[in-house]
Amino acid sequence: MSSIMFGSPSLKDDSSIVQRRDSSMGPDMDKIQLILDEIYEYSKKEILKVQRNLDVIYGSYSDEKKNGINQLHEHLKAHVTSFLDEVVLESEKDKNNIIKDIEELLAEKEVLEKELQMHISIDDHNDATPLIDVQINIDKSLQECRKIKEQRMTELHKLQEEEKQICQLLNEKPTYSGVTEMPSATLLENIKSHLIDLKNTQIKRRSTFLEQKSKVELLLADLGEIPILQFDKLVLGDPNQFQLSKSNLDELQKLIKRLENQTENQKCMAMELRTKLNSLWDRLQIDVSYREHFVSTKKGFGKTVIQDLKVEVERCETLKKENIKQFIEKLRSELNDLWDRCHFGDRQRKQCQVYYSTEYNEDVMDILDIEVDNAKKFYTDNISIYHLIEEREHLWNKMIMMQEQANDPARLWQNRGGQLLKEEKERKVIQKELPRVERELKNQLQSYELRENKIFYYRDERLIDFMERQWDELKSNKKNLQQTKSKIQTGIKPQTPLTATRSKRKIVATSSNQASKVRKIGMDHKAVVTPRRQLFNFHNTNVATLVPLNSTKLQEVNLTTTRPHPTFHGSNDENGSVESYATFQV
């Protein structure tokens with residue numbers, strides 16, 4: 001029996017099986033003997049009947065009777081042998097089927113143990129145990145394991161079907177569709193984790209799709225377009241019918257990009273048309289109420305709006321041609337204003353020959369229109385440079401004005417409201433801002449000339465050269481002024497019409513306690529008498545000498561009334577009326 005349980009080939013050995021079964025036939029012998037006795041009695045009875053019938057037919061000792069008995073014997077033997085062979089064959093078949101079932105059960109047991117990674121115990125059997133009992137016992141032992149396998153296979157099929165549906169929606173190839181054997185617990189967990197990833201991907205893609213679908217709808221609404229292509233209709237259709245494949249999402253992104261580009265193009269087109277239309281309206285002096293009504297009803301940049309803008313531009317172009325002379329004059333005026341804003345000189349302006357043409361025709365008008373657009377573009381492209389130019393001009397003019405104010409000695413005793421302190425603060429601002437502006441301006445000019453490979457002109461002169469020339473002239477003027485002052489200090493007055501007619505009286509320094517009368521610069525020859533209370537103590541200097549604004553206290557200065565015309569005595573560069581060149585340099 002142990003050989004049967006473990007699938008030994010001895011189970012198929014008929015002789016061993018027969019021997020095993022013969023050794024166990026003892027208890028059934030009485031039953032078998034009873035069967036044999038019954039068959040014997042019945043057969044004997046029937047054969048005797050046949051014998052009597054043959055005696056009646058052929059006689060007791062005839063040859064025919066003998067032949068009949070012999071035939072009976074042959075037929076009976078053949079029938080009994082055939083019947084017993086069938087019975088034996090059937091029993092052998094049943095035995096072999098049971099043995100095969102046991103072997104299959106044992107094989108199933110090994111597979112289940114391997115798949116479930118567990119040992120399956122079976123009740124012990126001996127050689128006397130019937131095969132059917134062995135089969136039943138093994139089958140019972142495997143039933144619980146079969147349930148576990150069935151549950152796992154059911155769960156596997158469910159997970160495979162779920163994966164299949166999600167992959168169809170995502171247009172992805174299923175990963176675990178080829179699994180046919182019972183999965184392990186680890187494999188089931190891996191499949192579940194994979195499904196979670198797929199579901200997250202589905203949720204993410206669906207969210208992306210719905211967001212991009214809304215974007216497409218807004219873009220189409222802004223453009224005034226309706227979907228024409230099949231893919232566009234699919235995007236705007238039922239969301240459940242859209243396959244969330246990577247290729248479809250990539251195609252959807254391309255659609256959005258195309259619509260965004262179209263949006264930008266139509267925005268630019270609408271802006272250009274509106275700009276051109278405003279220019280035409282201004283030149284044609286179109287009624288304001290009409291313009292406001294048109295603008296209020298033609299908002300956006302949709303296809304219909306752009307078409308209406310084009311129609312209006314064409315209408316204005318027609319009016320422009322009908323009023324060509326007036327239009328050309330307005331173009332010339334506009335171009336001249338742009339040249340002024342761009343600081344073009346005569347040489348630059350004369351390059352536009354059509355500006356000076358006396359003819360009035362469409363060619364002249366079109367060329368002037370192009371020149372206006374070019375001038376606008378040049379100014380717009382270099383707006384940062386022109387802003388810096390304006391800022392520098394403001395600072396430069398302020399610096400020159402302050403230097404001119406510094407030449408007026410009267411400001412020393414007219415310092416009301418802290419005017420000198422204000423001037424000092426303004427001077428510090430200029431010292432800080434002017435170098436910064438010039439540095440930034442030069443950097444932009446150098447970048448422009450390097451990028452455009454041409455010079456940036458300012459009134460027919462290279463702007464960088466112009467700024468350097470301004471500083472050189474300022475330095476030269478300062479030097480000339482210092483030389484003039486030096487001559488005055490040494491008693492040599494420059495001969496001018498004014499000095500030639502004036503009296504040659506000199507100012508003589510007096511003691512510090514002497515009252516003085518001075519004559520204001522730029523006034524008539526009447527002297528102005530100071531109060532007896534001394535305002536300033538002058539020491540070895542004159543009224544035209546300026547006190548440095550950064551000084552902590554004023555030097556003592558003496559005033560004199562000896563001569564009505566002041567003579568300038570020694571004054572160093574620090575106390576000069578013109579600020580030094582280095583003060584305003586970077």
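Because the model is predicted, local features need pLDDT of at least 70 and side-chain atom pairs count only at pLDDT 80 or more, while totals for chains, interfaces and linings use all residues. Residues are numbered from 1 along each chain as its sequence is written, and side-chain values use heavy atoms, with hydrogens and water left out.

Side chains of opposite charge can pair when their charged atoms come close. The structure holds 34 salt bridges, a salt bridge being a side-chain nitrogen of Lys or Arg within 4 Å of a carboxyl oxygen of Asp or Glu. One of them joins the side chains of Lys376 and Glu334, at 3.0 Å from N to O. Lys376 belongs to helix α13 (residues 362-381) and Glu334 to helix α11 (residues 324-341), so this pair ties together parts that are 42 residues apart in sequence. Helices (H or I, at least four residues) and strands (E, at least two) are DSSP runs, numbered from the N terminus. Lys376 is partly exposed, because its relative accessible area is 30%; buried means under 20% relative accessible area, exposed over 50%, and partly exposed in between (1.4 Å probe, protein chains only).

Helix α13 also holds a pair of its own. Asp381 and Lys377 form a salt bridge whose closest N and O atoms are 2.7 Å apart. Both residues lie in helix α13, four residues apart, which is about one turn of the helix. Asp381 counts as partly exposed at 49% relative accessibility, and Lys377 is exposed, with a relative accessible area of 51%.

Another salt bridge links Glu391 with Arg436, and here the closest N and O atoms are 3.2 Å apart. Glu391 sits in helix α14 (residues 383-406) and Arg436 in helix α15 (residues 419-452), so the pair ties together parts that are 45 residues apart in sequence. Glu391 is partly exposed, with a relative accessible area of 31%, and Arg436 is also partly exposed, at 30%. Salt bridges that share partners also join Lys276, Glu317, Lys320 and Asp369 into one network.

Ile47, Leu76, Val80, Phe83, Leu84 and Val87 make a nonpolar surface patch of about 480 Å². Patches are made of residues with over 30% relative accessible area and no salt bridge; like charges are joined within 9 Å, and nonpolar side chains (Val, Leu, Ile, Met, Phe, Trp, Tyr) within 5 Å. The accessible areas come from the Shrake-Rupley method with a 1.4 Å probe, and for residues only the protein chains shown count as cover. Helix α4 gives the most to this patch, with five residues. Leu84 lies in helix α4 and counts as partly exposed, at 43% relative accessibility.

Lys65 is found in helix α4 too, but this lysine is buried, with a relative accessible area of 10%. The side chain of Lys65 makes a polar contact with the side chain of Asp55 at 2.2 Å. A polar contact is a pair of N or O atoms within 3.5 Å; within protein, one must be able to donate a hydrogen and the other to accept it, and residues adjacent in sequence count only if both atoms are side-chain atoms. Leaving aside residues up to four places away in sequence, Lys65 touches Gln51, Leu54, Asp55, Tyr58, Gly59 and Ser60, where contact means heavy atoms within 4.5 Å.

Cysteines come next. The structure holds zero disulfides, a disulfide being a pair of cysteine sulfur atoms within 2.5 Å. Cys316 is buried at 0% relative accessibility, and Cys352 is buried at 7%.

The backbone deserves a look as well. Most residues other than glycine have a negative phi. Gln285, which is not a glycine, has a positive phi of about 55°. Gln285 lies in the loop between α8 (246-284) and α9 (288-297) and is exposed, with a relative accessible area of 55%. Asp460 likewise has a positive phi, near 70°. Asp460 is placed in the loop between β1 (457-458) and β2 (461-462) and is partly exposed, at 24% relative accessible area.
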